[in-house]
Amino acid sequence: FPSHDTIWWSSKFYQLLGYNNDEIPSSFNTFFNTILHQDDKDKVEQLLWEHLYQRKPYKLEVRLLTKEGEYKWFQTSGQAIWDTEGKPVKMAGSIIDINEKVNNRISVLKSEFLLNESSKLARIGAWEVDLKTRKVSWSDSTKAIHEFPVEMAIPSLEEAFQYYPEQSRELIVKAFDETVITGKVFDINCEFITHLISYTLS
């Protein structure tokens, strides 16, 4: 790796990290051992080697230490140049500040995880129907409540209605159709048959 080669950092590179020009040494050693987050070193080293010697694309998300002492997320990418013998002789790259984007994504994932865990505890299931394709989607909690095998394909809308006894089925179908036509929200209580009970009865 280019630990002893000449490396140049632009003014923008320094600025994104909160530094003035040349305030810290522009070297691979500084980047790898001082700025780069410890948990990102292996993937940077691996992808850099694959790019230089296998010519795979070099583009990934990493955490870099700013002058303020906090790590921020950046997208780093680069492109090498090889000589006639196939040896890497030069590489240029860039970093893009994606800290807000990544943190928002992490927050969404955390929220989805907490919602899913809360739903499991509260036995609350969610479902969705694409009215154009009539494709049904069930959350993991909905599958669990229905005692539905994880590996099985989610039933169609018509099949899903069959999990309700006849009297409840008429109620849920009527409420569903009315919502589709008028947009009116429905909130009803009705009985349903789990997949295991349905399988046993059949």
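Leaving aside its neighbours within four places in sequence, which residues is Leu 64 in contact with? Contact means heavy atoms within 4.5 Å. By that rule Leu 64 is in contact with Leu 17, Phe 31, Ile 35, Leu 36, Glu 70, Tyr 71, Lys 72, Phe 74 and Ile 95.

This is a predicted model, in which local features need pLDDT of at least 70 and side-chain atom pairs count only at pLDDT 80 or more, while totals for chains, interfaces and linings use all residues. Residues are numbered from 1 along each chain as its sequence is written, and side-chain values use heavy atoms, with hydrogens and water left out.

**Nonpolar cores**

A nonpolar core is a set of buried Ala, Val, Leu, Ile, Met, Phe, Trp, Tyr and Cys residues joined through side-chain atoms within 4.5 Å. Buried means under 20% relative accessible area, exposed over 50%, and partly exposed in between (1.4 Å probe, protein chains only). In soluble globular proteins, nonpolar side chains tend to be buried together.

The largest nonpolar core has 23 residues, and those touching the most other members are Trp 9, Leu 17, Phe 31, Leu 36, Val 44 and Leu 64. Two or more residues of this core come from each of α1 (11–16), α2 (28–35), α3 (41–54), β1 (58–65) and β2 (71–82). Helices (H or I, at least four residues) and strands (E, at least two) are DSSP runs, numbered from the N terminus. Another core lies apart from it, with 11 residues, among them Val 136, Ala 160, Phe 161 and Tyr 164.

In α2, the buried residues are Phe 28, Thr 30, Phe 31, Phe 32 and Ile 35. They pack against α1, α3, β1 and β2.

**Aromatic pairs**

Rings of Phe, Tyr and Trp (its six-membered ring) pair if their centres lie within 6.5 Å; planes under 30 degrees apart count as stacked, over 60 as edge-to-face and the rest as tilted. The count comes to 10 aromatic pairs. Two of them are set out here.

| Pair | Centres apart | Planes | Class |
|---|---|---|---|
| Trp 138 and Phe 148 | 5.3 Å | 80° | edge-to-face |
| Phe 161 and Phe 176 | 5.8 Å | 75° | edge-to-face |

Trp 138 is in strand β5 (residues 135–138), and Phe 148 is in the loop between α5 (140–145) and α6 (157–161), 10 residues apart. Trp 138 counts as buried because its relative accessibility is 12%, and Phe 148 is buried at 6%.

The other pair links Phe 161 in helix α6 with Phe 176 in helix α7, 15 residues apart. Phe 161 is buried at 13% relative accessibility, and Phe 176 is buried at 8%. Ring pairs also link Trp 127, Phe 161, Phe 176 and Phe 186 into a cluster.
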